[in-house]
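Q: I'm new to this structure and would like a close look at one part of it. Could you pick a single helix and walk me through its surroundings?

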Amino acid sequence: MSTLPLQVVPPQGPLLRAEHVTLEYTGAQGVVRATDDVSFEVHRGDRFVLLGPSGCGKSTLLKAVGGFITPRAGSLRLAGRPITAPGPDRIVVFQEFDQLPPWKTVESNVMFPLLAGGVKKPEARERARHWLGKVGLARFADAYPHTLSGGMKARVAIARALAMQPEILLMDEPFAALDALTRRTMQEQLQSLWEEIGFTMLFVTHSIEEALVVGNRILLLSPHPGRVRAELNSHQFDLKSAGSPEFQAANERIHRLLFDPSHVAPAPQPAPHAFAVHS
Ligand SMILES: Nc1ncnc2c1ncn2[C@@H]1O[C@H](COP(=O)(O)OP(=O)(O)OP(=O)(O)O)[C@@H](O)[C@H]1O
C-alpha cells in the first residue's frame with residue numbers, strides 16, 4: 001500500500017518532456033503570450049525548478065503540465081504519454097494552504113482526494129496516517145486546519161499530495177507565503193523527504209536562493225513572455241552551503257543571466273557546474 005514507489009515510468013527517457021511549448025491566454029484584452037517555445041526535460045527523481053521574474057509564465061507552465069491549459073504550440077508528455085487533461089499522476093501543491101477545507105480534520109483532508117479517486121476508506125485512512133507521519137504530523141490527524149500554523153498547513157498539503165502517489169509533484173511557490181524561518185524549515189523538510197522517498201518534483205519559484213537550495217536542476221526563464229534563458233545544474237547546493245562563496249557566486253550569476261540582457265553566459269559544457277545557455 002503506502003510504501004509503493006511513487007512513479008511507474010518506462011526505464012528509458014525523461015519522465016516529463018516539454019517540447020517547444022508556447023502558452024497563451026485569450027481574453028477581453030486580446031491574446032497574452034505567457035511562454036514562448038519552451039523546451040525542457042525532467043528525469044525521474046529530479047528536483048527541477050522553473051525560475052524567472054514575475055510574469056514570465058512559470059505558473060502557466062505548471063498549469064499546462066497539470067493539464068489545465070493546452071499549449072498553443074508544442075507538446076507536453078509524461079512518461080511518453082501526451083498530457084491532455086488533469087490526472088492523479090500529477091498533483092499540484094499551491095501556496096494557498098487555506099484551500100484545505102476547514103470543516104475537515106487534517107486526516108480527512110488527506111483522505112479526501114484518495115476517496116474521490118476510488119480508494120476504499122480503510123486504505124485511504126492508512127495512507128493518510130502513513131504520510132502524515134512522514135511529514136511529522138501524526139499527532140495532528142484529528143486537528144482542524146485553522147488550528148495549524150502556516151508551516152503545518154504546508155506539510156498537510158505535501159502529505160495530501162504524496163498520499164496520491166503521483167508520478168510528479170507540481171509545486172507552485174509552495175512556501176512563498178511563509179515567514180523566512182518557516183520557509184527554511186520547509187525547504188529542509190522537503191529535502192529530507194526527497195532523500196527518503198526520491199519523488200520527482202517540478203518546483204516554481206522566483207527566489208534564486210530557494211531555487212539553488214531546493215533544485216538539482218534549474219531552468220531560467222526570461223521576462224515575459226518566458227523563453228528559456230539557460231539551464232543550470234545545482235545539485236551541489238543545499239541549505240548548509242547557502243552562505244558559501246560558491247553559493248553566492250551562483251546566486252549572482254543567475255541574477256545577471258535573468259536580469260542583465262547584455263550578460264553573455266559561457267557556451268554549454270558537460271560539467272555538472274556548467275550553465276547551458278539556450279538563447
Ligand atoms: N488567467 C489569465 N488570463 C490572462 N492572462 C493571464 C492569466 N494568468 C496569467 N496571465 C498572464 O500570463 C503571463 C504569465 O503569468 P504567470 O502567472 O504564469 O507568471 P509567473 O511567472 O508565474 O508570475 P509570478 O511569479 O508573479 O506568479 C503574465 O503576463 C500574466 O499576466
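A: Let's start with a word on domains, since we'll need it: the domain bounds used here come from an automatic or database domain assignment. Keep in mind, too, that this is a predicted model. By that assignment, the protein is divided into domain 1 (16-89 + 168-277) and domain 2 (101-165). Taken over C-alpha atoms, the centres of domain 1 and domain 2 are 27 Å apart. Where they touch, eleven residues of domain 1 are in contact with eight residues of domain 2. On the domain 1 side of that meeting, α5 gives the most, with four residues.

First, a bit of context. The protein has seven helices and eleven strands, and 41% of its 279 residues count as buried. Among contacts with a separation of 6 or more, 71% are between residues 24 or more positions apart.

Now zoom in on α5. You'll find this helix at residues 180-197, so to speak, 18 residues in a row. From its first C-alpha to its last it reaches 26 Å, close to the 26 Å expected at 1.5 Å a residue. Which residues of α5 are buried? They are Arg183, Met186, Gln187, Leu190 and Leu193. Look down the axis of α5 and these buried residues fall within an arc of 125°, so they line one face of the helix. After the helix comes Gly198, with a positive phi near 75°.

What covers the buried residues of α5? The cover includes three other helices: α3 (121-134), α4 (150-163) and α6 (208-214).

Let's take α3 next. It has 14 residues and reaches 20 Å from first C-alpha to last, close to the 20 Å expected at 1.5 Å a residue. Its buried residues are Ala124, Arg127, Ala128, Trp131, Leu132 and Lys134. They cover an arc of only 150° around the axis, which puts them on the same side of α3. The cover over the buried residues of α3 includes α5, along with α2 (106-116) and α4. Following α3 is Gly136, again with a positive phi near 75°.

In soluble globular proteins, nonpolar side chains tend to be buried together. Here, the largest nonpolar core has 75 residues, and Ala159, Leu202 and Leu220 have the most contacts inside it. The largest share of this core, eight residues, comes from α4. The core also draws at least three residues from each of domain 1 and domain 2. For a sense of the packing, pick Leu202: leaving out residues up to four places away in sequence, it touches Leu16, Val42, Phe48, Leu50, Leu62, Val65, Ile168 and Leu170.

One last stop is the ligand. It is surrounded by 14 residues, and the closest are Tyr25, Ser54, Lys58, Ser59 and Thr60. β1 (16-27), β2 (30-42) and α1 (58-66) each supply at least two residues of the shell, and α1 gives the most, with three.

Notes
Residues are numbered from 1 along each chain as its sequence is written. This is a predicted model: local features need pLDDT of at least 70, side-chain atom pairs count only at pLDDT 80 or more; totals for chains, interfaces and linings use all residues. The expected span of a helix is 1.5 Å times one less than its number of residues. A residue is buried if 20 or more other C-beta atoms lie within 10 Å of its own, exposed if 12 or fewer, and partly exposed in between; C-beta atoms are placed from the backbone. The arc is that of the directions from the helix axis to the C-beta atoms. Two residues are in contact if their C-beta atoms, placed from the backbone, lie within 7 Å. A nonpolar core is a set of buried Ala, Val, Leu, Ile, Met, Phe, Trp, Tyr and Cys residues joined through C-beta atoms within 7 Å. A residue is near a molecule or strand if its C-beta atom, placed from the backbone, lies within 6 Å of it.
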